[in-house]
Amino acid sequence: EREQLARADAAARAKKLHPLHKRPDTSCPRLSPMHPRVVIGEHGCSDAMLGLITCHESGVFARFTGHCNDAAAALDKCLRANKKLLVSGNLAEAREKRRRWEELCAEQGLDMGYSKPGGG
């Protein structure tokens, strides 16, 4: 497992890929990261990510003097917008599941065992 990871890292270094371009090895759960790596091109904020990466790679001076703050703010804004879309989709799905559950309970004449939100 470690040899496989070492070979993958060596191959990435040989191709001079940025770490975000590599996929983690998910065959070994204890070696996989807590959060999956973001692969550039498969995410809605790829342009903003590349802008920040490019700014950071332009030199240490740019990072420490705030020249990359605009790129970081653009990435934060994009990630927040994506999260808002995900949350609204999840909320709509949860409300639909709850509506179906309430219908099934009403058909069976069962008490759902909890109070409705809003004290109802």
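A residue is called buried when its relative accessible area is under 20%, exposed when it is over 50%, and partly exposed in between (1.4 Å probe, protein chains only). C45 counts as buried because its relative accessibility is 1%. C105 is buried too, because its relative accessibility is 4%.

Before going on, a word about the model. It is predicted, so local features need pLDDT of at least 70 and side-chain atom pairs count only at pLDDT 80 or more, while totals for chains, interfaces and linings use all residues. Residues are numbered from 1 along each chain as its sequence is written, and side-chain values use heavy atoms, with hydrogens and water left out.

**The disulfides**

How many disulfides does a search of the whole structure find? There are two, where a disulfide means a pair of cysteine sulfur atoms within 2.5 Å. Counting bonded cysteines along the chain, their pattern is 1-4, 2-3. Here they are side by side:

| Disulfide | S to S distance | Torsion about the S-S bond |
|---|---|---|
| C45 to C78 | 1.9 Å | about -95 degrees |
| C55 to C68 | 2.0 Å | about -95 degrees |

The torsion of C45 and C78 makes that disulfide left-handed. C45 sits in the loop between α1 (2-15) and α2, and C78 sits in helix α4, so this pair ties together parts that are 33 residues apart in sequence. Helices here are DSSP runs (H or I, at least four residues), as are strands (E, at least two), numbered from the N terminus.

The disulfide of C55 and C68 is left-handed as well, again because of its torsion. C55 belongs to helix α2 and C68 to the loop between α3 (60-64) and α4, so the pair links parts 13 residues apart in sequence. Both C55 and C68 are buried.

In soluble globular proteins, nonpolar side chains tend to be buried together.

**A look at A71**

Finally, turn to A71 in helix α4 (residues 69-108). Which residues does A71 contact, leaving aside its neighbours within four places in sequence? They are G51 and L52, contact meaning heavy atoms within 4.5 Å. The C-alpha atoms of A71 and L50 are 9.2 Å apart, with the two residues 21 places apart along the chain.
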